Amino acid sequence: MSNDEFRGALARLAAGVVLITAQEPPLDENGRGEDVGMTATAFMSVSLDPPLVMVSLRNDSRMDDLLSEQPLWAVSVLAESQRHIAGRFAMKGRISDRLLFEDIPYIRGEVTAAPLVGGALATLECRTEQRVVAGDHTLVIGRVLSAALPSEDGSPLTYFRGRYRQLR
């Protein structure tokens, strides 16, 4: 089986789209660390008791490196109207994350201090419980410390056959 055959088969699995965020530790005692964000479609619920979720991160990516040191992170479940946010944080070779957050409405999580996107269908704040290296990715399992439903209206943004989609 080729990589293209494998990708093609899994592209037929629709997935929800989330923005994973965390804050880098500050460089000194007086500063605030930079906010970091990453679009993810490999995200799922793992357990209800205790409440656990999992995200798959490409090994040695900026988010993988950050979450290997920073145990606190957040998830914003994106609405279909937030496709531009998903695309912005999925770009390869992108500008600094500070600029990517510049015109996006968000609040800081009370537990993680990570950005939580305004208008998201749901937000979660998490603490890493376990990291499992699996091939060229690391599965980060997080305990959910808080959950909120900032926007009760709207439909989820989904990813299917290599494109963002809307449920119909």
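**Notes on the predicted model**

1. Leaving aside neighbours within four places in sequence, T128 is in contact with L67, P71, W73, V140, I141 and G142. The model is a predicted one. T128 sits in strand β9. One of its contacts is polar: the side chains of T128 and W73 are joined at 2.9 Å.

2. Is T128 buried or exposed? Its relative accessible area is 18%, and the cut-off for buried is under 20%, so T128 counts as buried. The C-alpha atoms of T128 and V53 are separated by 9.5 Å, although the two residues are 75 places apart along the chain.

3. Strand β5 covers residues 52-58, and six of its seven residues are buried, so the strand is largely enclosed by the rest of the structure. β5 pairs with strand β4 (residues 43-47) in the antiparallel sense, over four bridges. A hairpin of four residues connects β4 to β5. β5 is also joined by seven bridges to strand β10 (residues 137-148), again antiparallel.

4. I141 is in turn among the residues in contact with T128.

5. Which residues have the most contacts inside the largest nonpolar core? They are I20, M63 and W73, in a core of 18 residues. At least two residues of this core come from each of β2 (18-23), β3 (35-40), β5, α2 (62-69), β6 (72-77), β9 (122-134) and β10. A second, separate core has 13 residues, including L78, A86, F101 and Y164. In soluble globular proteins, nonpolar side chains tend to be buried together.

6. For I20, residues up to four places away in sequence are again not counted. I20 then touches V36, G37, M38, A40, F43, V55, M63, W73, A74 and V75.

7. The structure holds three aromatic pairs. In one of them, the ring centres of F101 and Y106 are 5.7 Å apart and the planes are at 70°, so the pair is edge-to-face. Ring pairs link F89, F101 and Y106 into a cluster. F101 is buried at 6% relative accessible area, whereas Y106, at 31%, counts as partly exposed. F101 is also one of the residues of the second core.

Terms used: Residues numbered from 1 in each chain as written. Predicted model: local features only at pLDDT ≥ 70, side-chain atom pairs only at ≥ 80, totals over all residues. Heavy atoms only, no water. Phe/Tyr/Trp six-rings, centres within 6.5 Å; stacked < 30°, edge-to-face > 60°. Buried < 20%, exposed > 50% of the residue type's maximum accessible area, 1.4 Å probe, protein only. Pairing = 2+ DSSP bridges. Core = buried A, V, L, I, M, F, W, Y, C linked by side-chain atoms within 4.5 Å. Contact = heavy atoms within 4.5 Å. Polar contact = N/O pair within 3.5 Å; in protein donor to acceptor, adjacent residues only side chain to side chain.
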